[in-house]
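Here are my notes on this model. Please keep the structure open as you read.

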Amino acid sequence: MRHGEYGLGQGASQVIDYTQEDFTQNGQTYHVIMDTVGTAPFSRCQASLRDGGRLLLVLAGLADMLHAPWASLSSGKKVIAGPVSVRAEDLPLLAELAATGAFKAVIDRRYRFEQMVEAHRYVDSGRKKGNVVVMLGDED
């Protein structure tokens, strides 16, 4: 993955392509690790997190979600896993960030509604680098 594809443009200071480098073996420690593809459970990367560091599990499974509170309490490192809460009060701020260009959605692929099964297969492959959009109607 090139740095411009995903991550640095969204505020990350370093992006590591998990297919090219195992960040848990490079001897570095990080303030925040964001796993966007489901390959970095706490058990694998806790030594790579600094004290007080945070692990963000974007694609957390049930086991990760159940283990997150225990890992946070017992390690001095915060594990955040599972779905985020959505609040209507946040929408004006999100709209403002999008309007000013501070927030830019990363769209990896677009599928027509009739291709829903293919879209799910692609998302489930763990290889997506942004959002997958399913279009209704004749949009291109």
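1. Start with Asp-22. This is a predicted model, and in it Asp-22 is partly exposed, with a relative accessible area of 33%. Buried would need under 20%, and exposed over 50%, so Asp-22 falls in between.

2. Which side chain does Asp-22 meet in a salt bridge? The partner is Arg-44, at 2.7 Å from N to O. Arg-44 is also partly exposed, with a relative accessible area of 33%. The structure holds one salt bridge.

3. Look at where the two partners sit. Arg-44 belongs to helix α1 (residues 42-45), while Asp-22 lies in the segment before β1. They are 22 residues apart, and the pair links distant parts of the chain.

4. Now the sheet. Three strands form an open sheet in the order β1-β2-β3, and the pairing is parallel. β1 (30-35) and β3 (78-81) each have a single partner strand, so one side of each has no neighbour in the sheet. On average, neighbouring strands are turned by 10° against each other, direction ignored.

5. Follow β2 (residues 49-57). It pairs with β3 in the parallel sense over four bridges. Leu-57 has Ala-81, in β3, as its bridge partner. Helix α2 (residues 62-75) packs on the sheet and touches β2 and β3. The direction of α2 makes about 160° with that of β3.

6. Finish at the surface. Leu-91, Leu-93, Leu-94, Leu-97 and Phe-103 form a nonpolar patch there. Together they have about 470 Å² of accessible area. Leu-94 sits in helix α3 (residues 91-100). Leu-94 is partly exposed, with a relative accessible area of 45%.

Terms used
Residues are numbered from 1 along each chain as its sequence is written. This is a predicted model: local features need pLDDT of at least 70, side-chain atom pairs count only at pLDDT 80 or more; totals for chains, interfaces and linings use all residues. Side-chain values use heavy atoms; hydrogens and water are left out. Two strands pair if DSSP finds at least two bridges between them. Helices (H or I, at least four residues) and strands (E, at least two) are DSSP runs, numbered from the N terminus. Axes are lines fitted to C-alpha atoms, for helices over the stretch in contact, and angles run from 0 to 180 degrees between N-to-C directions. Contact means heavy atoms within 4.5 Å. Patches are made of residues with over 30% relative accessible area and no salt bridge: like charges are joined within 9 Å, nonpolar side chains (Val, Leu, Ile, Met, Phe, Trp, Tyr) within 5 Å. Accessible areas come from the Shrake-Rupley method with a 1.4 Å probe; for residues, only the protein chains shown count as cover. A salt bridge is a side-chain nitrogen of Lys or Arg within 4 Å of a carboxyl oxygen of Asp or Glu. Buried means under 20% relative accessible area, exposed over 50%, partly exposed in between (1.4 Å probe, protein chains only).
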